[in-house]
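Please look over the model below.

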Amino acid sequence: MLRGLMMDQPLLISSLLTHAAQNHGDTEIVSRTVEGPGKDGKGALHRYTYAQAEARARKLAQALSRLGVKAGDRVGTFAWNGYRHFELYFGVSGMGAVIHTVNPRLFPEQLTYIVDHAEDAYVFFDLTFAPLMEKLAPACRAVKGWVAMTDRIHMPQISVPNLLCYEELIAPESGRYEWPLLDENSASGLCYSSGTTGAPKGVLFAHRSTVLHAYASSLPDVFNCSARSAILPVVPMFHVNAWGVPYMATLNGAKLVLPGAGLDGKSLYELFEAEGVTTTAGVPTVWLGLLAFMRENKLKFSTLKTAVVGGSACPPAMITEFRDAHGVDCQHAWGMTEMSPLGTLCTLKGKHLALPQDKQFEIQVKQGRAICGVEMKIVDGEGRDLPRDGKAFGDLMVRGPWVLREYFKGEGGDPLREGWFPTGDVATIDADGYMQITDRSKDVIKSGGEWISSIELENIAVAHPGIAEAAVIGVPHPKWDERPLVVAVRKQGANVAREDMLEFYKGKVAKWWIPDDVTFVDQLPHTATGKLLKTKLRQDFKDHEWPAA
Ligand code: ADP
């Protein structure tokens, strides 16, 4: 082999922040704090720069060393999107330890399982979660100390072993610290998949995978991130690293706006406007809330250009509302914890620009094209490749440098099939490379030996003007094995009836896909990551009585 003669410089997370501090030293990071009311009665806004963030991340790294945290040790966080969490992202990974972001919305038993399984040496938490920490502490055996992410005057009155104060922890440090030159394959972050199927399993990211993911997500056909962007990740930093946005923003020197716990429509809208946000990212449920708030109050976005929506299927009606009411490009994205998480993003190609709007829209509702670095294929039950014709659907398989090889501590055995990671999603891929999820493999509705896509039926339901949210599940049926049932939430003031809904499906799907029944509920159950909790719905409606044919 003739070796290339370029420098062997590792891809490290710390280098993203030192780059930002040096080249975008005065670019702002704005956070809504959790400590108490600002002028508007919500968390006050905290603002500082990449240069200040880097200086504090170095102090944090020193403080962690002083506490005895070593390379490879896990440091847990229970925190919103905010500047101290940002410092932990870089300080913990930068010094060689592993930041373990925990999703506080999980059940307490899952939380203790996760903190215990990860053997977190220290846990950092926002004040919101102080009562939760008190509950979890007795069962978290490896934790040596609990650090409240606040200053002395806001310290919570809780009883946990070795309660520490973030600001006091970093204050005595000099900041004279050189980020260590780590192996780029060393672990940098840990995130447990939410365990909608079985016990949560840890996905262990590396410096290399994280930095490559940050480069890839910056691309024009992905987040189109630059030093002119102002990006507000609504997706929490405890949910697959806020889809990598904190790393990506830092790599580009983009202004970063962190909403703290203020995730309601009003708080978000005010922050978008006050900070001139150009780009945002989040799951469909948050946008439902924000768009409804804006509709009711006749508000418009004045700076927002792009909203990346993923984590569950983006209802087509949302893409049109963003476009027609706000002039915002709503881009559908797909990924999973095991993929760091980005896999695809949906943007048009040059040849699509001359198409009429409805033809463009048919493309935009798909989950999108693979980001270079991610390879995708669909296979049938025997593992044979299926054609990329936009029609054949099968199990979606992926591979790439930011796709998981094995779960933390080898949990669950070898997850790969001949070098490919099975995503658990069922999808089509068309000749242009656009992938469309038809279902999660366990959510497909199996009727008379054929498959019906629950996602497609849900999209139609929420396109009805009187429907706020809908889930479609397969319910046991004496003749057909399973038939689709719509469980829907009406919009406030709407009085859609079952018959209206069934009528609405006519002409939109094959006759045998039309659901057999509709029931209305006040709200639908969601998982900790904002997805419809269909396991619960299937359980609740397993004895559903079908109307007489
Ligand atoms: P978990 O798997 O633990 O629930 P993830 O956030 O990793 O949490 O979820 C990944 C899954 O979410 C994907 O496998 C897919 O089923 C679903 N998903 C993500 N984005 C989309 C999307 N745009 N459309 C449909 N499903 C999506």
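## Charges over rings

In this predicted model, R490 lies over the face of F520, 3.8 Å from the ring centre. A lysine does likewise elsewhere: the charged end of K508 sits over the ring of F504, at 3.7 Å from its centre.

## Nonpolar cores

The largest nonpolar core has 110 residues. Within it, F86, F124, F223, F272 and F322 touch the most other members. Helix α2 (residues 50-67) gives the most to this core, with seven residues. Domain 1 (13-282) and domain 2 (325-440) each supply at least three residues.

A second core of 30 residues is separate. Among its members are M133, W146, I158 and F408.

Take F223 from the largest core. Leaving aside residues up to four places away in sequence, F223 touches S217, S218, I231, V245, M248, T279, T280, A281, V308 and L342.

## Helix α10

Helix α10 spans residues 265-274. Its buried residues are G265, S267, L268, Y269, L271 and F272. What covers them? The cover includes strands β1 (28-37), β2 (43-49), β10 (230-233), β11 (255-258) and β12 (279-282). Helix α11 (284-296) is also part of the cover. After α10 comes G276, with a positive phi near 60 degrees.

An α-helix has 3.6 residues a turn, so residues three or four places apart point the same way.

## Aromatic pairs

The whole structure holds 16 aromatic pairs. One of them joins Y48 and Y83, edge-to-face. Their centres are 5.4 Å apart, with 70 degrees between the planes. Y48 lies in strand β2 and Y83 in helix α3 (residues 83-94), so this pair ties together parts 35 residues apart in sequence. Y48 has 6% relative accessibility, so it counts as buried. Y83 is buried too, with a relative accessible area of 8%.

W287 and F322 form another edge-to-face pair. W287 belongs to helix α11 and F322 to helix α12 (residues 316-326), so the pair links parts 35 residues apart in sequence. W287 is at 0% relative accessibility and therefore counts as buried. F322 is also buried, at 0%.

## An aromatic cluster

Which residues form one aromatic cluster? They are Y269, F272, W287, F293, F301 and F322. Y269 and F272 are buried residues of α10. F272 and F322 are also among the residues that touch the most other members of the largest core.

Note on methods: Residues numbered from 1 in each chain as written. Predicted model: local features only at pLDDT ≥ 70, side-chain atom pairs only at ≥ 80, totals over all residues. Heavy atoms only, no water. Core = buried A, V, L, I, M, F, W, Y, C linked by side-chain atoms within 4.5 Å. Buried < 20%, exposed > 50% of the residue type's maximum accessible area, 1.4 Å probe, protein only. Helix = DSSP H or I, 4+ residues; strand = E, 2+ residues; numbered from the N terminus. Domains from an automatic or database assignment. Contact = heavy atoms within 4.5 Å. Phe/Tyr/Trp six-rings, centres within 6.5 Å; stacked < 30°, edge-to-face > 60°. Lys NZ or Arg CZ within 6 Å of the ring centre and 35° of its normal.
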